[in-house]
Amino acid sequence: MKRAEIVQRLGLCWDSITVKRDGSVVAKRSFFYTFGGTVETYKKRVLEAFPMATILAAYEHWAEWPDDSYWYVRFTTGE
């Protein structure tokens, strides 16, 4: 699946979407305040866009300012 199609299906809530050579996709969303968001929220968004997806890794990376904090989800589309 091409990156443009993946971006279109996932929507604009992600800061970066990268398709790896092995076919997996890495989606990241940065945050300063979480406003109630969690890594589970973003895993759910992936599964809504790709019902057959397999989540390979998902975590929250928290860092003190000025470094970036982000949610990370790596998955295969299942298509």
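Phe35 is exposed, with a relative accessible area of 76%, where exposed means over 50%, buried under 20% and partly exposed in between, for a 1.4 Å probe and protein chains only. This is a predicted model, in which local features need pLDDT of at least 70 and side-chain atom pairs count only at pLDDT 80 or more, while totals for chains, interfaces and linings use all residues. Residues are numbered from 1 along each chain as its sequence is written, and side-chain values use heavy atoms, with hydrogens and water left out.

Phe35 lies in the loop between β2 (25-31) and α2 (39-49); helices (H or I, at least four residues) and strands (E, at least two) are DSSP runs numbered from the N terminus. Together with Phe32, Tyr33 and Trp65, Phe35 makes a nonpolar surface patch of about 650 Å². Such patches are made of residues with over 30% relative accessible area and no salt bridge, nonpolar side chains being joined within 5 Å and like charges within 9 Å. A salt bridge is a side-chain nitrogen of Lys or Arg within 4 Å of a carboxyl oxygen of Asp or Glu.

The structure also holds seven aromatic pairs, that is, rings of Phe, Tyr and Trp (its six-membered ring) with centres within 6.5 Å, counted as stacked when the planes are under 30 degrees apart, edge-to-face when over 60 and tilted otherwise. Two of the stacked pairs are set out here.

| Pair | Centre distance | Plane angle |
|---|---|---|
| Tyr42 and Trp71 | 4.9 Å | 25° |
| Tyr59 and Tyr72 | 4.6 Å | 20° |

The pair of Tyr42, in helix α2, and Trp71, in strand β4 (residues 69-76), links distant parts of the chain, 29 residues apart, and both Tyr42 and Trp71 are buried. Tyr59 lies in strand β3 (residues 54-61) and Tyr72 in strand β4, so their pair ties together parts that are 13 residues apart in sequence. Tyr59 is partly exposed, with a relative accessible area of 35%, whereas Tyr72 is buried, at 11%. Ring pairs also link Tyr42 and Trp71 with Trp14 and Phe31 into a cluster.

Two further side-chain contacts involve charged residues. The charged end of Lys28 sits over the ring of Tyr70, 4.4 Å from its centre, the criterion being NZ of Lys or CZ of Arg within 6 Å of the ring centre and within 35 degrees of the ring normal. Ser24, found in the loop between β1 (16-19) and β2, is buried, with a relative accessible area of 1%, and its side chain is joined to that of Arg74 by a polar contact of 2.9 Å. A polar contact is a pair of N or O atoms within 3.5 Å; within protein, one must be able to donate a hydrogen and the other to accept it, and residues adjacent in sequence count only if both atoms are side-chain atoms.

Methods. Accessible areas come from the Shrake-Rupley method with a 1.4 Å probe; for residues, only the protein chains shown count as cover.
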